[in-house]
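Hello,

Here is the structure I promised to pass on to you. Could you have a look when you find a moment?

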Amino acid sequence: MKSIRSVICFCLFLFVFNQLLFADKTIENDSLYTSEYISRIYMAEPERALSLLDGAESKKTIPLRIIHELRSRVYRNMYMTKLAFLYAKKSYLLDSVSQKDPKHLLTMTVDLAELAVLMSDHKESMRYALDGIKLAQKERSRKVKAKNLKGYLKQSLGEEVQPKRLEETIKLCTEIVREQ
């Protein structure tokens, strides 16, 4: 009788120990669902990055706006520009509604302008570039302002040169020079 109890206690001990052991592995696997890890692997392993993003979305370990941004990066790396634009736009809309992280909104605006150029939608690109310049002026971010301005110059001089666009570009250039 004592031997049966001892065996049952031993089995119960093994069961509890096994559960604790697997619980630690689950915690380790959750470290895969971080934006830092996915940002490191999305170029080398895009399919794996997409599956990790699906898991992160279902487990809600990463904010949805960041998940959409990462999906946009993955699809852009896979030369799926329309899907990249779609997810970048979703991230942009979530950022513009929440107003939590203006720098991320600015980054998504720049990405949308670049993706619109890749899709040959110059009007849309110009709109996002102007929005980005306005946001950068609010944030006083010179780096982003200069990047948007560079794209804006390329677009305004690459298409038919319109006096209004050229005047806006010159005005923005003089503002940046005065700030420095």
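Below is what I found in it, starting with the overall picture.

A word on the source: this is a predicted model, in which local features need pLDDT of at least 70 and side-chain atom pairs count only at pLDDT 80 or more, while totals for chains, interfaces and linings use all residues. Residues are numbered from 1 along each chain as its sequence is written, and side-chain values use heavy atoms, with hydrogens and water left out.

The protein has 9 helices and 0 strands (DSSP runs numbered from the N terminus: H or I of at least four residues for helices, E of at least two for strands). Along the sequence the pattern reads α-α-α-α-α-α-α-α-α. Of the 180 residues, 33% are buried (under 20% relative accessible area; exposed is over 50% and partly exposed lies in between, with a 1.4 Å probe and protein chains only). The accessible surface is about 11800 Å², and carbon and sulfur atoms hold 60% of that (Shrake-Rupley method, 1.4 Å probe). Among contacts (heavy atoms within 4.5 Å) with a separation of 6 or more, 52% join residues 24 or more positions apart.

Now to one helix pair. Helix α5 (residues 81-98) and helix α6 (residues 102-118) have axes that come within 9 Å and cross at roughly 155° (axes are lines fitted to C-alpha atoms over the stretch in contact, and angles run from 0 to 180 degrees between N-to-C directions). The two helices are therefore roughly antiparallel to each other (over 145 degrees; under 35 is roughly parallel, 65 to 115 roughly perpendicular and the rest oblique). On the α5 side, the contact includes Ala 84, Phe 85, Ala 88 and Tyr 92; on the α6 side, Leu 105, Met 108, Leu 112 and Leu 115 are among the residues involved. By class, this contact of α5 with α6 has 10 nonpolar, 5 polar and 2 charged residues (Ala, Val, Leu, Ile, Met, Phe, Trp, Tyr, Cys and Pro are nonpolar, Asp, Glu, Lys and Arg charged, the others, Gly among them, polar).

Two loop residues may also interest you. Tyr 79, in the loop between α4 (64-77) and α5, has a positive phi of about 60° although it is not a glycine. Its relative accessibility is 73%, so Tyr 79 counts as exposed. Ser 120 sits in the loop between α6 and α7 (122-139), and its phi is near 65°, a positive value in a residue other than glycine. With 54% relative accessibility, Ser 120 counts as exposed.

Best wishes
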